[in-house]
Each structure stands twice: as C-alpha cells, then as structure tokens.
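Subject: Handing over the structure

Hello,

Here is the structure I am passing on to you. Please open it first, then read my notes below.

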Amino acid sequence: MIDPVLHGDRPIQSEREDRFGFTALADRIAEALTMQAANKGYVFGLEGKWGSGKSSLLGLTLMKLRSEDPSKVAAVEFRPWLIGDRDQLLTALFEDLAKAIAGLQHASGDATGTTALAASDVVNQVRKFARHLDPVGKLSGVLGTFVPGATLAGDILEKIASAAAEDVDGPTLVAQKEKLAKSLLELNCRIIVAIDDVDRLEPKEVSELLRLVRSVADFPNVSYLLCYDGVALSRSIETGTGVANGTAYLEKIVQTEVAVPRPEAFALRRWFTDELQTFVECPEERIPYLQQVIDRTGGRVLQNPRAVIRVLDSLRVYWPSLAGRVDVADLVWLRMIAVGSPNLYRWIEEYSGTSVALASGRVHITDETRDSVAREMDAALTSDGLKWDELHFEFDEHLPGIQTLSYNKNKDERLFAQTDPLIRVRASRDQRLASPSHARLYFTLIAPLDGVSEFDIADLLAAERDGAKAIAAMVVKMGQQKGDAGASKAERLLDQMRHVDQEVIVGWPIEKLILGLANSADDLAINANSDDWGYPRVWYLLTALLRQVRGAIPERRFEAALTAMFAESSSLGFLSYLLRGETFGHGFFGDRPDPHNRLCSREGFEANRLVMLQRYKAGGVDRVMEERHATTMLYAWSQAGGRGELADQVAARASNDQWLLAFLKKLYGPRSTLSPDGIASFFEAPAAIVRRVYDMHEADPENEMAAEIIRSIKSNLQFSNGDFETRLFEWESREASSEHLSEEATGSPLQVTHDDDNP
C-alpha cells in the first residue's frame with residue numbers, strides 16, 4: 001500500500017498518464033493547426049462535456065506544439081477569466097501575441113537581447129495596434145453591442161473604427177491592421193492561441209471573446225484552439241448576444257470542431273479499480289461485493305475521467321480514518337453516491353440517522369412520517385435523475401430496513417421495515433453501513449469522540465475481571481470524551497446499553513457491572529448535561545439501564561445486586577436520586593405512588609432505605625452539606641424517613657445565622673425555588689425560619705444571601721407586590737394554629753406550591 005495522495009481535478013501532465021489514447025489525437029490536432037493555409041487565421045474547436053478530459057487533451061496538444069521548432073511555432077495559453085475588466089481583454093490578448101512573436105524572433109536569431117526583442121518591428125506593431133484598439137473596445141462596451149449595420153463576417157472593424165471618431169494620431173485602425181497582417185504573413189511562423197474552459201465564462205464575456213477571436217484578432221499565421229462544452233457554450237452565446245441559435249452562431253466562428261473521445265465504461269472502471277487497490281485493502285470475502293459495487297454503481301457514476309478522480313479523491317480523504325473500521329464495499333458505494341448523486345446522499349445520511357435511533361428504541365416511526373421520508377427519497381432520486389425501480393436492490397444491499405416489494409397498497413412500506421435482530425447483529429459484526437454502531441462513521445471524516453461501538457461494550461464487560469473499580473475508571477474516562485453535540489461517550493454508551501436485548505444481558509457480570517457503573521455516577525455528573533428536572537442526564541440513563549437489567553434476570557439476583565450497590569457505592573448523590581424515586585414510587589412519601597416507577601420490591605426498598613438512612617446518619621448533616629449533590633441527599637434523607645433525626649441535627653446547628661443561610665441555600669437550585677413544604681421537611685416551624693431570614697435582610701440589606709433566599713421564597717409563592725411583612729404574619733398565624741398550607745381553600749397568595757419531584 002502507498003500513502004493516498006489526492007490527485008485533484010488537474011489535467012494529465014505527460015504521455016505516461018494518458019490512459020485513453022489521447023496522445024495520438026493530440027498529435028493530429030497539433031499537425032492540423034500548423035499545416036493549414038497561412039494567409040488567414042484559423043479557429044479549431046475542442047468540444048466535450050465537463051469532466052470528459054478536454055483540458056488533458058489540450059495539455060497534450062500544447063506539449064506536442066512546444067516540441068516543434070521554436071523558431072517556427074509558438075503556443076500561447078490565453079486565460080481571459082483572469083482579466084477582471086473586459087475592456088482590458090483586447091490589450092491582454094495582443095500582449096500575449098507580442099510575447100510569442102518576440103520569442104519566435106529570439107529563437108530564429110533575429111534578435112540578440114531583451115531590448116532588441118522588445119523593439120522589434122512586428123512586436124511594436126502588435127502593441128501599437130492594441131493601444132489604438134483599446135478606445136474601440138471601450139466604445140463597444142458603452143454601446144452594449146456592435147454598431148448597427150455591421151456584419152459579423154465582414155465590415156465590423158471598419159464600422160467600429162469609423163464610430164470611434166479616430167482621435168488617435170497616425171494611420172487609421174484599418175491601415176494598421178493591414179500592415180500588421182502583412183508583417184505576420186512575412187514572419188512565416190505559426191502562433192497558436194489556446195483558450196480552455198471558454199464555456200465557464202460569463203455569457204457577456206463569452207460573446208466578447210468570440211467576437212474578438214472572429215473579427216478583431218483574425219490575423220495570418222494565428223490560429224485559435226478553443227475548448228468548451230458545446231451545449232453550455234451555446235446557451236451562453238444565446239444569453240450573452242441575444243441570438244436565437246447559439247449553435248449556428250458558433251459554427252460561423254469555429255471552422256473545425258473535434259469531440260473529445262469518450263473513454264469506454266469498462267476502461268474507466270478498470271482505472272478506478274487499479275487506483276483503488278493502491279491504497280485500500282479489502283478482505284477476500286468482500287471482494288465480490290466490492291466488484292459488484294464498482295460494476296453496478298460505478299457503471300452509473302463513473303461516466304468520465306473527472307468522476308473517477310473525484311470518487312478516488314473522496315475515498316483518499318476518508319480511508320485513512322476509517323480503514324479497518326467500516327466495510328469497504330459499503331464505503332465505496334456511499335462515496336460514489338456522494339459524488340454522482342448529491343441529493344440522494346444527503347437523504348441517505350438522514351435516513352441512516354433515523355434508522356439508528358429506531359434501532360435504539362428511542363423513537364417510533366408513524367405511517368405519516370414514513371410516507372414523508374419516502375416522498376423525500378423520491379424527490380432526491382428525481383433531482384439526481386434516478387428511479388426507485390433502478391436502485392432498490394442497491395438500497396437493500398447497503399441500507400437497513402429496506403423492503404423491495406410493498407404488499408399493502410394503502411401504505412408506502414418501502415422504508416423502515418422491521419429488521420431481523422440477527423441481521424442487525426451481523427451488520428454490526430461486519431461493520432456495515434446498516435449497523436447502528438457504525439452508520440455514523442461513514443458520514444464523518446474522523447470518528448466522533450463520543451462514538452461507541454460494540455467493542456466498547458465488550459471492553460467494559462471484560463473489565464469486570466479487575467473488579468468494579470476498573471469498570472468505574474473506564475466509564476469515567478469515557479465521560480471525558482465529548483462530541484460536537486456536547487454528549488459524552490459515557491452517555492452514548494449507557495444509552496446503547498439500555499436498549500440491548502434482554503437475552504444478551506443475561507450473560508453480563510451483573511453484580512460488578514452495577515456496582516462499577518454506580519461508582520462512576522457522581523464523577524460523570526460533574527460535567528454532564530442535565531435533564532429537564534435539573535438532574536444529570538447520566539443518572540437517568542443509568543436508571544434506565546437498571547430497569548432493563550431488572551427485566552432480564554431473576555428478581556432475587558437483581559435485588560441482591562441493588563442492595564449491595566446501596567451499601568457499597570461511593571456515589572451518594574446518585575444513590576440519593578434513586579432513593580427519592582423509590583420513596584415516591586412506593587408511596588412512602590407523597591400521595592402519588594407509581595408501580596411503574598419502582599426498581600425493587602417493597603421488601604427491597606425497605607432494606608435499601610434503612611441502609612441509606614444509616615449512611616446519612618454516620619456522616620451527619622455537616623458531612624452531607626459538603627457533598628456536591630447535598631440538595632438531593634438532604635431531601636432523600638428527610639423523605640425516606642429520617643426527617644426527625646435530620647431536623648434535630650439541623651436545629652442544633654441552625655442557631656448560627658451563617659450556617660442557617662448556607663443550609664437554606666442547599667434546599668433549592670437554579671431551576672427550583674424555596675417552598676414552604678421544602679423548609680417544612682427540615683424545620684418544625686418554617687414560618688419562624690423565614691421570619692429569621694427576613695429580619696436578617698431587613699437589618700442588613702447588604703446581606704446578599706438572605707436577600708436571595710427571600711427572593712426565592714417570594715418567587716415560589718408567586719408574590720411580586722404588596723406587603724410581605726403582612727403575608728408573613730398571616731403565615732405565622734396559620735402555623736401557630738397548626739393549619740396546613742397545602743389545604744387552604746381561600747386561594748391565598750401564600751398557597752403552598754408542592755414540588756415532590758424537585759426540591
């Protein structure tokens with residue numbers, strides 16, 4: 001294998017690169033340009049579609065011309081698209097002619113130095129003629145068209161010269177042209193002006209260039225070799241000149257036209273295959289499939305040399321990053337689609353992304369959505385000149401969920417068909433485009449930092465040999481690898497694992513896996529994204545994975561693993577998050593028990609609840625206050641049955657104003673507010689606590705922490721205006737009479753807002 005070097009869309013540089021026999025044709029063209037009658041100019045057209053190899057054929061022709069006697073033949077490459085001002089077009093062309101003539105004289109020994117060359121008679125005539133012609137060019141530009149009554153074939157020059165008001169000293173323009181023509185004829189040397197990509201100029205530039213070639217610069221011994229796509233150039237002529245038939249107009253200018261030979265389809269595919277083998281390795285068992293792609297899809301896409309080069313260069317860009325990670329046949333097929341059918345390629349990328357989401361169970365496709373995606377596919381196919389009937393077998397070979405025959409006449413069921421799990425497993429094993437674990441790789445230059453494959457899951461399961469700590473360390477490291485969307489590799493991994501088939505989960509080392517993942521939870525949460533309730537999303541994903549595991553193994557085994565996790569895991573924040581979910585799910589706290597929101601049985605919950613209460617008590621409230629997730633832990637401790645002992649500890653410390661303010665700050669966060677019920681979870685007299693903070697704020701308005709707590713309480717009570725002192729007094733009165741704020745029926749502004757799911 002050699003390093004893949006980009007070829008680029010450049011013409012061939014030597015005969016050695018000629019794969020399609022252009023050299024012989026180039027020799028004949030060069031001969032025709034140098035052997036025609038010398039008494040007048042000649043225009044030769046080299047016609048071919050974009051990408052057909054016109055520039056390569058032109059390059060070979062110029063090489064042949066430059067190999068002739070330099071005193072007899074000069075080849076000039078004129079580049080009109082580099083000239084910004086169209087009024088300079090004439091001057092630029094004649095300057096190139098002057099240089100070519102000077103070179104001919106130098107080669108023939110007619111001059112002895114640079115000064116003599118520049119001063120030679122013919123060169124001076126050319127430059128003088130160009131200077132006199134410049135005002136005419138500007139005049140024609142102002143007029144927009146040539147002078148009325150002038151014909152293309154005969155008297156344009158004379159008419160323009162007359163219209164120019166001849167304000168230049170010396171002979172007339174016509175006389176100068178006649179003198180220059182005579183000098184060029186006597187020079188007895190051939191000058192060939194080659195102009196590539198004529199059809200890529202703006203329509204107005206095309207019309208002016210062709211008029212220049214045919215009428216103004218029609219000199220003896222000067223020939224033009226124009227390269228263009230006939231159809232494109234004809235359209236530009238019609239747009240730029242207003243004539244009805246651009247082809248007929250072109251025929252009056254170009255005396256001889258030769259079409260670029262179209263290489264045989266087999267030769268193009270053979271070339272592609274030869275080049276591909278220099279930098280791509282293909283497993284032996286996949287070679288027949290790769291060859292099928294080259295023959296079938298390549299037969300449609302590889303229509304000219306440019307298409308071959310573009311697909312090869314595309315593969316040269318992608319291959320170094322994807323070698324050994326994707327299927328070669330799938331990659332070649334996709335890159336051919338990208339080059340040959342760009343609209344279809346964009347649709348395939350969207351379809352693959354949706355298919356990955358479907359395979360994970362995160363989304364469901366409705367009939368309306370399936371119909372919409374199918375319509376988008378048909379539109380993409382039409383835009384690229386393709387049809388479903390021609391491509392559905394290719395789709396079935398490379399994409400997931402393709403049904404080649406739809407049996408329900410009332411539905412479009414070609415897409416998102418249910419895939420056999422075994423097919424998906426094989427696709428993942430073989431790194432196919434249809435694999436949910438590999439699809440994204442095919443559309444990215446490098447693998448995303450958060451990309452996950454089946455090997456990552458296998459490595460994680462294999463880490464259990466070294467214990468739960470090794471699993472946690474591996475997952476935490478994945479948490480540091482984040483993709484462009486902000487998600488970490490750990491989140492992607494957990495998201496995939498929670499959708500693994502339960503029959504696969506049975507073989508996992510459940511006990512160590514659960515403990516190891518739990519141990520990583522709080523570390524992962526440090527920089528993790530949050531869900532809608534302000535909790536780290538990674539906690540939600542871990543919980544979802546636990547639910548999947550719960551359905552895959554016997555209940556006794558799962559509950560034993562869960563109890564060990566509550567007893568041993570170091571992630572107290574995540575454990576408190578789980579505990580709160582269980583207290584609500586079992587109805588231990590709150591009035592909305594939810595059987596679907598439970599991880600364990602009632603007995604299991606009781607065991608885990610007692611374990612966590614013991615752990616909270618062992619650390620104490622000051623230890624909990626130091627934790628990053630102290631808010632979740634404090635509410636979990638209180639709601640799981642530890643309110644009494646926690647309230648005692650809080651009361652013992654709350655005599656310190658600063659400690660009290662710091663504690664209250666822990667009871668709400670950026671996405672929540674401090675509610676009366678929240679305060680009541682830790683204090684016997686919530687109104688009295690609020691009174692203390694309010695008095696602190698009144699006594700010292702600069703006490704920002706007290707002010708912020710009061711603002712949070714007001715926000716929770718939806719209190720914006722009025723006398724808060726009066727409202728607080730009413731609250732204290734109700735508290736004194738043991739009335740429950742949550743049962744107030746008067747609609748008081750101090751009605752308690754319950755928030756059981758979020759502190």
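Start with helix 14. Its buried residues are V328, A329, D330, L331, V332, W333, L334, R335, M336, I337, A338 and V339. Buried means under 20% relative accessible area, exposed means over 50%, and partly exposed is in between, with a 1.4 Å probe and protein chains only. Helices (H or I, at least four residues) and strands (E, at least two) are DSSP runs, numbered from the N terminus.

A word on the source. This is a predicted model, where local features need pLDDT of at least 70 and side-chain atom pairs count only at pLDDT 80 or more, while totals for chains, interfaces and linings use all residues. Residues are numbered from 1 along each chain as its sequence is written, and side-chain values use heavy atoms, with hydrogens and water left out.

Back to helix 14. Of its 13 residues, 12 are buried, so the helix is mostly covered. It runs over residues 328-340, and its end C-alpha atoms are 18 Å apart. The expected span is 1.5 Å times one less than the number of residues. D327 caps the N-terminal end of the helix. A side-chain oxygen of D327 lies 3.2 Å from the backbone nitrogen of A329. A polar contact is a pair of N or O atoms within 3.5 Å; within protein, one must be able to donate a hydrogen and the other to accept it, and residues adjacent in sequence count only if both atoms are side-chain atoms.

Helix 1 (residues 22-35) holds T34. A polar atom of the T34 side chain lies 3.2 Å from the backbone oxygen of E31. T34 is buried, at 16% relative accessible area.

Next, the rings. There are 19 aromatic pairs. Rings of Phe, Tyr and Trp (its six-membered ring) pair if their centres lie within 6.5 Å; planes under 30 degrees apart count as stacked, over 60 as edge-to-face and the rest as tilted. F574 and Y577 are a stacked pair, 6.4 Å centre to centre with 25° between the planes. Both lie in helix 26 (residues 572-585), three residues apart, about one turn of the helix. F574 is buried at 1%, and Y577 is buried at 18%.

F663 and F682 form an edge-to-face pair, 5.5 Å centre to centre with 85° between the planes. This pair links distant parts of the chain, 19 residues apart. F663 is in helix 29 (residues 657-665), and F682 is in the loop between helix 30 (676-680) and helix 31 (686-699). F663 is buried at 0%, and F682 is buried at 1%. Ring pairs also link W333, W347, Y351, W388, F395 and F416 into a cluster.

Two backbone details follow. N221 has a positive phi, near 65°, and is not a glycine. N221 sits in the loop between helix 8 (203-216) and strand 4 (222-228). At 3% relative accessibility, N221 counts as buried. Q431, also not a glycine, has a positive phi of about 60°. Q431 is in the loop between helix 18 and helix 19 (454-462). At 17% relative accessibility, Q431 counts as buried.

Best wishes
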